[in-house]
Amino acid sequence: MRVAILSESPADEIAVRILADSILGLSTQLAVSHKIRSRGWPAVLNTLPAVIRQLHYTESADGLIVVADSDDTPLHETHHDSEASVDCRLCQLRKKAVDVLSDLPAATFKVAIGIAVPAIEAWYLFPTDARLTESTWRQHLGSGPRPDIRRNLKKKVYGTELPSQTVENQRAEDAAKQLISNLHLFEQHFPNGFGPLAQALRSW
Amino acid sequence: MFQSIQFKNFKVLREATLQLRPFTLILGPNGSGKSTALQALLALQNLNRFQFSDVASVGAGVVKDVSVTIRWAAPFSECVTVMNWAQDNRKALNYLHEKNRTRLGDEIVIELQRILNGIQVCAFDSEAVIQPVMLTPNATLSPKGMNLPVVLDRLRDQWPERFEAINKEMRQWLPEFDTILFDTPDNGQRSIKLRMKQSGVAIAAKDLSQGTLQALAILTIAYLPDPPRAIGIEEPDRGIHPRLLRQVRDALYRLSYPDQFGEGRAPTQVIATTHSPYFLDLYRDRPEEVVLAEKLDTGARFIPLSSYQHLEEILRDTQLGEAWYSGILGGVPTNS
């Protein structure tokens, strides 16, 4: 299966691919000649239409996987599935993907979208420290934006607030390999950000 | 003006063709042949600048000959200039009819040589730009930007309206300054200063920022009365604030499309390189001027952005720079 991954960093891509391979039960190939990169959240959203069109017109992809961090934005909720929220990043990405794909009726590849709450480092931390889950983050958010927690998260995961790209990549790979040993538990604790990604991938 | 440059076994450009317009912007990863293409222009001026071993591609089989072929645009569109380096160090530079490959007449050859000899390839270096220089008649801006004080001094004396135009434009780019001043650090030498608008204090070139010096060098070239007929500029955006990149583009367009700027002189063909998505954004409506350099396993190639199918649609709601950075258009490092 040939997939493209649109995420916020090379490390994210490594982890997402390991997770996707585990869910799909196969070893995916990257569908694009160049790895897709974006410059953080706004760029993920802004680049998505161009990525979808490019995949449709010039690459033979079977699927596109998109993962972004939620940062301090509202979490995706189950009821958004029937009425999308304008503030929820998962809903924004889904809407953009649907809009673009509706203009490309012949597009054959599938799209799976996930949101790491509050950042993908929470996923990496989960196998060794399960205190920061979507549920606990929802409580934190109740008292307003929490950039302090997100910064500490990096330190907890990498041992420094300023990890090198090499360190990030290695940590992402190690953590993703640990996560796939109990994906069910992981999905239980990240039901609204990782859950939709896993469900979409299972439907491919 | 050049229509294209075709490379065979020239360093990383094993088999590549660079299509050129009056203005061409090349983007690509490090080592993808952007600077190599500009180097080839210098080889045209002096074949002996490079030996076979300097230019022959390495790493994928034995190379026996190297060539660079220039296809000229109108009014010389029937002409090609071919440079060859052979393994035994024989070199040749031929001016030929494109169709039958017979030699061109002397008159045309002299005209083409005159254009080639005027080619300039610049990578401005602030350390060179700040150097005080001896006043010498007809000194031109060096590839690194040396001689800037002398060139500006000559403009002030011989083309005061151009010197004033540079001052005026500089005030738009860098409003904290109001005029270019000259200093004579030693007998017969010139250096430049920029006068602060508010305080009137003159700041010596050595104390100006790298971006300010780069801006000044680009402005100077843009307003020369007799710029080279072709110029390669490495990273004209280097050190310059992204909000000023539109002005940089305008200055380069002044060279390429002089009639659009009220200039009566012949156009200068500009080939610029960049790594800046912000600079690229300015070419959203002019994809024909953008070329993406792409690294291959054993070489590199050039892909005109305008050759992408469905480009308009792909970019419908995405900035060109963002799309390029994302990698979907190519011209990016493969493993990062």
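The paragraphs below take up a sheet and then a pair of helices.

This is a predicted model, in which local features need pLDDT of at least 70 and side-chain atom pairs count only at pLDDT 80 or more, while totals for chains, interfaces and linings use all residues. Residues are numbered from 1 along each chain as its sequence is written, and chains are lettered from A and ligands numbered from 1 in the order in which they are written.

In chain A, 4 strands make an open sheet with parallel pairing, in the order E2-E1-E3-E4. Helices (H or I, at least four residues) and strands (E, at least two) are DSSP runs, numbered from the N terminus; two strands pair if DSSP finds at least two bridges between them. Strand E2 (29-30) and strand E4 (110-116) of chain A each have a single partner strand, so one side of each lacks a neighbour in the sheet. Strand E1 (residues 2-6) of chain A pairs with E2(A) over 2 bridges in the parallel sense, and Val3(A) lies opposite Leu30(A) of E2(A).

Helix H3 (residues 89-102) of chain A packs on this sheet, touching strand E3 (63-69) and E4 of chain A. Contact requires C-beta atoms, placed from the backbone, to lie within 7 Å. The direction of H3 makes about 165° with that of E4(A); axes are lines fitted to C-alpha atoms, for helices over the stretch in contact, and angles run from 0 to 180 degrees between N-to-C directions.

In chain B, the axes of helix H7 (residues 210-222) and helix H8 (residues 245-256) come within 8 Å and cross at roughly 25°. H7(B) is therefore roughly parallel to H8(B), a term for angles under 35 degrees. Ile218(B), Leu219(B), Ile221(B) and Ala222(B) of H7(B) meet Val248(B), Ala251(B), Arg254(B) and Leu255(B) of H8(B).

Key. Contact = placed C-beta atoms within 7 Å. Parallel < 35°, antiparallel > 145°, perpendicular 65-115°, else oblique.
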